[in-house]
Amino acid sequence: MHGRLSTGDRMQRWNVNVDASCVLCQEPLETLSHLFFECTYSMQVWEALMKGLLEDQYTVNWERLMSLITRTSNWSKIKMFITRYMFQSTIHMIWRERNRRRHGEDFVPATLLVQRLDKNMRN
């Protein structure tokens with residue numbers, strides 16, 4: 001939430017020769033807002049999990065998401081919990097997948113990531 005992850009743009013500031021592209025979709029510059037959830041891979045995961053729950057408030061914009069999950073709203077406690085928990089879980093799983101790919105490990109398709117996150121939530 002505080003922009004401290006080592007995304008491509010941040011790593012490029014530390015070392016100009018680092019590959020700052022998104023390993024999930026090959027976008028030339030990986031930023032926090034791109035990785036969560038403007039990237040086609042992460043957008044596919046987020047949409048599959050949250051579009052039905054968030055309905056007209058569904059968004060892939062980082063700032064708007066921060067506003068949604070940090071504000072006190074007229075949502076039920078259950079809806080707020082599910083949204084926050086799924087947000088946290090999705091961030092974690094996408095970050096892990098991004099790191100797996102950066103280190104040359106096998107890719108996990110977005111559909112499989114969605115299934116894993118859905119099962120985690122149901123459990």
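Does L32 count as buried or exposed, and at what relative accessibility? At 18% relative accessibility, L32 counts as buried, where buried means under 20% relative accessible area, exposed means over 50%, and partly exposed lies in between, with a 1.4 Å probe and protein chains only. The views below come from a predicted model, in which local features need pLDDT of at least 70 and side-chain atom pairs count only at pLDDT 80 or more, while totals for chains, interfaces and linings use all residues. Residues are numbered from 1 along each chain as its sequence is written, and side-chain values use heavy atoms, with hydrogens and water left out.

**View 1. L32 and T7 are two buried residues in contact with each other.** L32 lies in helix α2; helices here are DSSP runs (H or I, at least four residues), numbered from the N terminus. Leaving aside neighbours within four places in sequence, L32 is in contact with G3, L5, T7 and W62, contact meaning heavy atoms within 4.5 Å. T7 is placed in the segment before α1 (8-14) and, at 2% relative accessibility, counts as buried. With its neighbours within four places in sequence again left out, T7 is in contact with E30, T31, L32, L35, W95 and R98.

**View 2. The largest pocket holds about 160 Å³ of space.** A pocket is an open set of points on a 1 Å grid over the protein atoms alone, where a 1.4 Å probe fits, with protein on both sides within 12 Å along at least five of seven lines, and lining residues have an atom within 4 Å of a point. Grid points are joined across faces, edges and corners, and the volume is the space filled by probe spheres set on the points. The lining consists of M1, H2, G3, R4, L5, L32, F36, W62, F87, Q88 and I91, and the elements that give two or more residues to it are α2 and α5. The largest share, three residues, comes from α5.

**View 3. Helix α3 (residues 40-54) has a kink of about 40°, centred on E47.** The bend at a residue is the angle between axes fitted to the seven residues ending there and the seven starting there. Y41, S42, V45, W46, L49, M50 and L54 are buried in this helix, and what covers them includes α2 (32-38), α4 (62-70), α5 (77-102) and α6 (110-122). An α-helix has 3.6 residues a turn, so residues three or four places apart point the same way. E55 is exposed, with a relative accessible area of 55%.

**View 4. The largest nonpolar core has 33 residues.** Such a core is a set of buried Ala, Val, Leu, Ile, Met, Phe, Trp, Tyr and Cys residues joined through side-chain atoms within 4.5 Å. The residues with the most contacts inside this core are F36, F37, Y41, V45, W46 and F87, and α5 gives the most to the core, with seven residues. Leaving aside its neighbours within four places in sequence, W46 has contacts that include F37, L65 and F87. A cis peptide bond joins F36 and F37, with omega about 15°.
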